[in-house]
Amino acid sequence: METLVLPFVSQEEKIYQEEVIHMPKKLLFVYNPKAGKAQIRLRLADILNTFAEADYEITAAPTRGHDDARRIVAERSREYELVVCSGGDGTLDEVVTGMRQSGFRTPIGYIPAGSTNDFGGSLSLPKNMVKAAETAVRGKNFACDIGAFNDDVFVYIAAFGLFTDVSYETAQDMKNVLGHMAYLLEGVKRLSAVRSFPMKVICEGRVLEDDFIFGMITNSVSVGGFKNITGKNVRLNDGLFEVTLIRRPKNPVELNNIVISLLNRDVDTSAMYCFRAAEITLESPEPVAWTLDGENGGSHRKVEIKNICKGIDIRVK
């Protein structure tokens, strides 16, 4: 009978193996302390405790200004098994951008803390921040579409025209106090100066040429806090965007009817184009200002937008 000889394992090796087995998981927590009504300051200890109870070793990184979240995530170590962010949709946008720029993929947990949190609502994430933290560490990964916008990326919306600059031109303090009303108040000031943009739109062999006052390419159930404004049966992982382009109205009454139709999602085909697309190119004779996830996306004469199907992993319930 053959004798089984087991390899000798020294005491030092045993200790090392036990340390590896019990090595805590690493979590990078990036949060905007000023987002929304700065409520995270009141729940920060509970959120960190939720992470700790899930056996994570936590690195907390508060942002201090624009682009901080992108830089922090882009420069992170591969050792982090999870990246969790808290803030508005703009913070999430920076985190996703940093994730793509890093060249490697880590699941993202999202604790919505902004003024509207459109994307968090689309994912049915808890509004309670501690419960959202629990979803981040104990939920399942959902492979979600994102968008490529020329050399940039966006999470759920790229838009131009009417009201699109309201979000990033509205002061944070005003957002904190008024919430949705801040956007509406700022937008009302613009109604007397509605501008249109002549554009050529190229999509799947089809060419549209018209004057548009507003356009949005979306992957979200809601925009600006308004649900279903992007269409019905929206799926966040189907490789398609919902596209809405609104033509220039002939008079104020027509403009009012367009707004009502948009909010009710009662599509007026004489005033707007609504369709789904995986890729779309928009060209204009003059630079047009764009917003990406509520943040300034720069001015462009030509934009090429492509759906990156299932481009990121988001933790959901």
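**Nonpolar cores**

Beyond its neighbours within four places in sequence, Leu92 is in contact with Cys85, Ile108, Tyr110, Phe119 and Val155. The model is a predicted one.

- The largest nonpolar core comprises 42 residues. Leu92, Ile108 and Phe119 have the most contacts inside this core.
- Another core, of 24 residues, lies apart from the largest one. Phe160, Ile217, Tyr273 and Trp290 are among the residues of this other core.

**Helix 2 against helix 6**

- Helix 2 spans residues 40-53 and helix 6 spans residues 129-138; their axes come within 9 Å and cross at roughly 30°.
- Because angles under 35 degrees count as roughly parallel, helix 2 is roughly parallel to helix 6.
- The crossing of helix 2 past helix 6 is right-handed.
- On the helix 2 side, the contact is made by Ile40, Arg43, Asp46, Ile47, Thr50, Phe51 and Glu53. These meet Met129, Val130, Ala133, Glu134, Val137 and Arg138 of helix 6.
- Sorted by class, this contact of helix 2 with helix 6 holds seven nonpolar, one polar and five charged residues.

- Helix 6 is mostly covered, with seven of its 10 residues buried.
- The buried residues of helix 6 are Met129, Val130, Ala132, Ala133, Thr135, Ala136 and Val137.
- Helix 2 is one of the elements covering the buried residues of helix 6. The cover also includes strand 1 (25-31), strand 2 (56-62), strand 3 (80-87), strand 4 (108-112) and strand 15 (295-316).

Key:
Residues are numbered from 1 along each chain as its sequence is written. This is a predicted model: local features need pLDDT of at least 70, side-chain atom pairs count only at pLDDT 80 or more; totals for chains, interfaces and linings use all residues. Side-chain values use heavy atoms; hydrogens and water are left out. A nonpolar core is a set of buried Ala, Val, Leu, Ile, Met, Phe, Trp, Tyr and Cys residues joined through side-chain atoms within 4.5 Å. Buried means under 20% relative accessible area, exposed over 50%, partly exposed in between (1.4 Å probe, protein chains only). Contact means heavy atoms within 4.5 Å. Axes are lines fitted to C-alpha atoms, for helices over the stretch in contact, and angles run from 0 to 180 degrees between N-to-C directions. Helices (H or I, at least four residues) and strands (E, at least two) are DSSP runs, numbered from the N terminus. Angles under 35 degrees count as roughly parallel, over 145 as roughly antiparallel, 65 to 115 as roughly perpendicular and the rest as oblique. A crossing is left-handed if the near helix is turned anticlockwise from the far one by less than a right angle, and right-handed if clockwise. Ala, Val, Leu, Ile, Met, Phe, Trp, Tyr, Cys and Pro count as nonpolar, Asp, Glu, Lys and Arg as charged, and the others, Gly among them, as polar.
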